[in-house]
Amino acid sequence: MTAPAEIAVERHGGTLVAHVTGEVDMTNASHVRDQLLDSVPNDALGLVIDLNECRYLDSAGIEVIFDLARRLRRRRQELRIVVPPGSPLTRVLELTEVGTAAPIHETVDSAVAG
Amino acid sequence: MLRRPSHRQRDELRALASRQAAMADIGRRALASDDLDAILRDAVDAARAELRTDYASVLELTSDGRSLHVRATAGFPDDMLGGVLRADAEELSRIALDRDEPLAIGDFSSEPDFEPSAVQRELGVTSALVAPIGVPGRHYGVLGAYAREPRVYDTEDVNFIRALASTIGLAAERSRHKSRVRDSEARFRELADTTPALMWMTDLDAHVTFVNEGWLRFTGRRLDEELGDTFGLSAHPDDRAELLTRWRHAFRRREELRFEYRLMHAPTGTYRWVLEVGMPRFAEGEFAGYVGTTTDIHERRSMEEALRESEAGFRDLADSAPVMIWTTDTRGLVTFVNEGWMRFTGTTLAEELGSSWALGVHPEDVEKMLDSWHTSLEAREVWEYEYRLMSHTGEYRWIVDRGVPRYEGGSFVGYVGAAVDIHERMLMQQQLREVYEIEHTIAETLQRSLLPERLPQIEGLQLVPRYLPAGHGAAIGGDWYDALERMDGRVALIVGDVVGHGLRAAATMGQLRNAFRAYGMIESSPAEVMARVNRLVTSGEDAMATVLYLVLDRETGEVTFSAAGHPPPLLLASDGARFLDGGRSMPIGAADPAVFREASGVVPPGSTLLLYTDGLVERRGVPLEDSLEGLAEAAGEADDDLDKLCDRVLGAVLRQREPSDDVALLAVRPSSVSAEALRLSLPAEPESLALLRRRLERFLHAAGADELESYEIMLTVCEAAGNAIEHAYGPGDASFDVEAALVAGELVASVRDSGHWRDRRGEHRGRGIKIIMGLMDDVNIESQNGGTLVTMRRRLAHARAA
């Protein structure tokens with residue numbers, strides 16, 4: 001059985017916000033990546049991945065962020081990540097230097113504003 | 001949290017539902033049809049379609065076990081069907097049979113230990129999934145699915161082929177059995193038509209459905225006059241009441257009926273003494289009525305009566321009687337046998353006198369017969385024994401011999417006895433016994449294959465199941481219990497009872513159990529699980545079941561449950577016993593659509609839940625409320641030992657009686673989580689990770705880790721586990737071990753696998769290692785015994801004292 005993850009996408013002006021709920025691990029990482037990629041049309045300015053409700057993200061999930069950032073950069077679109085203060089995910093994102101590929105914000109609003 | 005399933009999950013659900021439907025379909029056909037070949041064809045088609053392979057086949061093991069007969073194929077060239085393969089050339093099939101386990105080969109080219117057979121190689125087979133059919137010692141053969149592409153067969157695939165093989169096993173067993181019963185019934189009819197004995201049969205309402213020619217000649221009545229509710233009609237008015245009382249008593253208890261009474265003999269217009277012997281008969285494991293013989297014992301009875309009156313009367317009778325009569329002296333030596341005896345044995349008087357008469361007794365019977373004779377003789381008691389005696393044709397025939405002590409002027413002078421030929425009756429009994437034994441074997445096979453032999457070990461939960469089969473007859477019930485660990489960490493507990501008995505009920509039980517396992521994994525709401533299973537059941541054949549389905553959160557003790565026509569679970573807490581009410585719904589299969597309700601409650605720490613089927617509480621003439629109250633009283637406070645609790649409850653409620661219906665009982669107690677150590681062995685597949693996370697969370701929480709520590713340690717261990725899984729040797733076979741312990745405030749975790757960590761190819765793996773190194777105080781990776789052991793340490797801020 002795969003890990004349960006749910007993605008809800010909404011539009012804030014030219015930016016798309018994807019709320020990732022649940023857990024991301026090696027059983028569903030590629031599926032999560034495909035869904036996120038499919039949700040970004042070519043004319044969008046960028047994608048914000050909101051990890052507020054993400055309970056688990058392992059190295060396969062982090063790989064998804066790097067991969068997305070690369071692909072979006074080619075399309076001249078920017079990827080930003082939202083992790084609330086005090087989230088258990090924070091230290092892992094720091095360790096793996098996710099910030100070098102996608103800026104990390106504390107709120108969705110600040111991420112959308114860029 | 002309510003989530004819509006993702007696309008991939010929806011696909012998985014769709015695949016599962018499709019397999020479930022295919023299984024139900026084949027199960028139904030296996031029950032409805034006698035055409036084994038058609039069932040096998042359906043099964044291989046389903047295997048190929050559901051497992052998405054190129055080929056599938058059923059190979060039947062020949063009786064010498066050396067060859068495999070190709071019974072059904074899908075995708076294979078037509079000329080393979082009907083062929084015979086050498087068992088030792090079909091390596092996979094042989095190993096699956098030896099291990100009695102399904103065997104998966106994802107890619108033959110990377111499995112040095114296994115090779116495809118010549119036929120498979122010719123067809124380009126690269127991967128295979130095979131499962132044995134039937135139970136060890138009675139294996140029917142092998143079901144196999146083969147693909148040209150390398151494949152990963154997951155747990156669901158293995159479960160599917162296992163379930164399919166078990167259904168085929170059932171159909172094969174049933175077909176074997178049917179032909180044997182048919183033979184034996186044909187033999188019975190033939191015997192009934194040619195024998196001079198009187199024979200009869202009833203249905204399960206005790207109505208007469210068959211009497212033979214002999215019976216009609218004796219009673220002088222027509223067949224249509226004898227059929228129906230006619231039992232005892234031709235008995236002597238003085239004997240009839242007692243005959244009927246004994247008959248009803250035996251019938252209710254499914255016991256043998258044995259009674260001597262007077263029956264109207266039409267040719268002479270008088271009543272003659274007969275011995276009635278009736279035995280219960282079974283069809284497909286269900287009680288079907290009685291079958292019996294009636295033996296004329298008039299001469300023997302008359303002789304005994306005559307003897308009581310006068311010696312002279314006895315001599316007259318003995319000379320003219322068509323039965324076999326004998327007398328002995330005080331030492332038991334034969335002093336006289338009548339004409340009838342000599343006509344039977346073809347011997348002379350001189351040959352029979354003394355102790356030489358025993359020479360004609362069948363060698364297998366003689367020793368026990370003489371024992372019994374000498375015991376009776378010493379005690380001067382009435383002696384009766386059934387044995388085989390050689391007749392004048394050289395054939396051994398069964399007789400019943402009965403001797404009574406004789407006294408003259410108050411002193412013992414010896415025995416007088418009479419023997420009656422009961423050969424036909426004994427033959428019939430033997431055949432019935434044979435049929436009964438086949439029924440019994442099938443019932444056992446079924447129960448072995450359908451009931452969980454033991455429940456899965458679920459961490460943090462003590463589970464003790466009990467199953468008591470009903471007291472009388474071969475009828476097996478459709479009760480079951482089950483437990484499964486869901487991916488969200490909650491545990492589903494199921495107790496159910498299929499309405500009806502026999503092979504059909506047991507097979508339905510097997511299907512329901514599978515359906516609950518499948519939907520129990522997918523659906524989190526008990527009411528939704530019930531609705532799903534209900535839809536499956538109502539779309540198929542007529543079947544109904546009462547079920548209690550309960551989901552327990554081991555952390556919080558919260559339970560959510562639905563009771564479909566089923567009595568409520570009993571909670572034994574420190575403040576007494578009470579039933580968890582609510583969630584009452586219609587039985588499964590009663591209506592569609594149906595609304596299923598669910599209710600919730602809490603199991604406080606240290607308390608116990610009792611789940612049971614209504615065989616435990618149902619008593620004829622006792623209102624259910626009273627029975628439930630009796631159960632609550634009997635359970636009282638929970639013992640420390642769940643085994644003792646189960647024994648005590650069963651003992652008190654059933655009071656040494658055999659239950660009149662099957663009883664399933666499941667005692668459940670959440671145990672406190674060990675804060676000292678966690679030890680796990682999991683299959684090396686990505687699907688294991690979610691379960692590992694739940695276990696680690698529970699353990700770390702108990703060990704006193706705070707939320708952040710808990711998350712980071714869990715993540716680290718799972719990263720190490722992810723490495724073990726990626727480097728696993730092959731599908732299905734490999735596993736990895738995880739240990740975690742709290743040692744002096746320090747958390748020590750280790751992950752051990754049997755593969756080698758490859759070079760850090762790609763950034764992704766490099767990040768995994770970065771996480772492991774960064775989040776732990778100390779990490780050690782070493783190769784040992786052809787595997788890799790990662791040991792990780794981290795000091796906890798507020799470790800609980802171990």
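In the largest nonpolar core, which has 112 residues, the members that touch the most others are B:Ala43, B:Leu143 and B:Leu164. The model is predicted. Domain 1 (20-182) and domain 4 (453-672) of chain B each supply at least three residues to this core. The surroundings of B:Leu143 illustrate the packing. When neighbours within four places in sequence are left aside, B:Leu143 is in contact with B:Ala43, B:Ala47, B:Val58, B:Val130, B:Ala131, B:Ile133, B:Ile161, B:Leu164, B:Ala165 and B:Ile168. In soluble globular proteins, nonpolar side chains tend to be buried together.

Chain B has 802 residues, of which 40% are buried. Its secondary structure consists of 21 helices and 32 strands. Of the contacts in chain B between residues at least 6 apart in sequence, 59% are between residues at least 24 apart. Chain A has 114 residues, and 46% of them are buried. Four helices and six strands were assigned in chain A, and their order along the sequence is β-β-α-β-β-α-β-α-β-α. For contacts in chain A with a separation of 6 or more, the share from residues 24 or more positions apart is 68%.

The two chains meet through 27 residues of chain B and 25 residues of chain A. On the chain B side, two or more residues each come from helix 1 (7-32), helix 19 (688-703), helix 20 (707-726) and helix 21 (762-775). Helix 20 of chain B gives the most to this side, with eight residues. The side of chain B that touches chain A has 10 nonpolar, six polar and 11 charged residues.

Helix 13 of chain B covers residues 363-379, 17 residues in total. From its first C-alpha to its last it reaches 25 Å, close to the 24 Å expected at 1.5 Å a residue. One of the 17 residues of helix 13 of chain B is buried, so this helix lies largely in the open.

Strand 12 (residues 324-328) and strand 13 (residues 334-337) of chain B pair in the antiparallel sense, with three bridges. B:Thr327 has B:Phe336 in strand 13 of chain B as its bridge partner. The two strands form a hairpin with five residues between them, and B:Gly332 in the turn has a positive phi of about 90°.

Further backbone features occur in loops of chain B. Most residues other than glycine have a negative phi, and most peptide bonds are trans. B:Ala206, which is not a glycine, has a positive phi of about 70°. This residue is found in the loop between strand 7 (198-202) and strand 8 (208-211) of chain B. Since 14 other C-beta atoms lie within 10 Å of B:Ala206, this residue is partly exposed. B:Ala744 likewise has a positive phi, near 45°, and is found in the loop between strand 29 (735-743) and strand 30 (746-753) of chain B. B:Ala744 has 9 C-beta neighbours inside 10 Å and therefore counts as exposed; the cut-off for an exposed residue is 12 or fewer. The peptide bond from B:Asp592 to B:Pro593 is cis, with omega near 0°. B:Pro593 is found in the loop between strand 24 (584-585) and strand 25 (599-602) of chain B.

Another loop proline, B:Pro150, lies between strand 6 (141-147) and helix 5 (155-194) of chain B. B:Pro150 counts as partly exposed because it has 14 C-beta neighbours inside 10 Å. Apart from neighbours within four places in sequence, B:Pro150 is in contact with B:Gly106, B:Asp107, B:Thr126 and B:Ser127. B:Ser110 is 40 residues away from B:Pro150 along the chain, and the C-alpha atoms of the two residues are separated by 9.8 Å.

Note on methods:
Residues are numbered from 1 along each chain as its sequence is written. Chains are lettered from A and ligands numbered from 1 in the order in which they are written. This is a predicted model: local features need pLDDT of at least 70, side-chain atom pairs count only at pLDDT 80 or more; totals for chains, interfaces and linings use all residues. Two residues are in contact if their C-beta atoms, placed from the backbone, lie within 7 Å. Ala, Val, Leu, Ile, Met, Phe, Trp, Tyr, Cys and Pro count as nonpolar, Asp, Glu, Lys and Arg as charged, and the others, Gly among them, as polar. A residue is buried if 20 or more other C-beta atoms lie within 10 Å of its own, exposed if 12 or fewer, and partly exposed in between; C-beta atoms are placed from the backbone. The expected span of a helix is 1.5 Å times one less than its number of residues. A nonpolar core is a set of buried Ala, Val, Leu, Ile, Met, Phe, Trp, Tyr and Cys residues joined through C-beta atoms within 7 Å. Domain bounds come from an automatic or database domain assignment. Two strands pair if DSSP finds at least two bridges between them.
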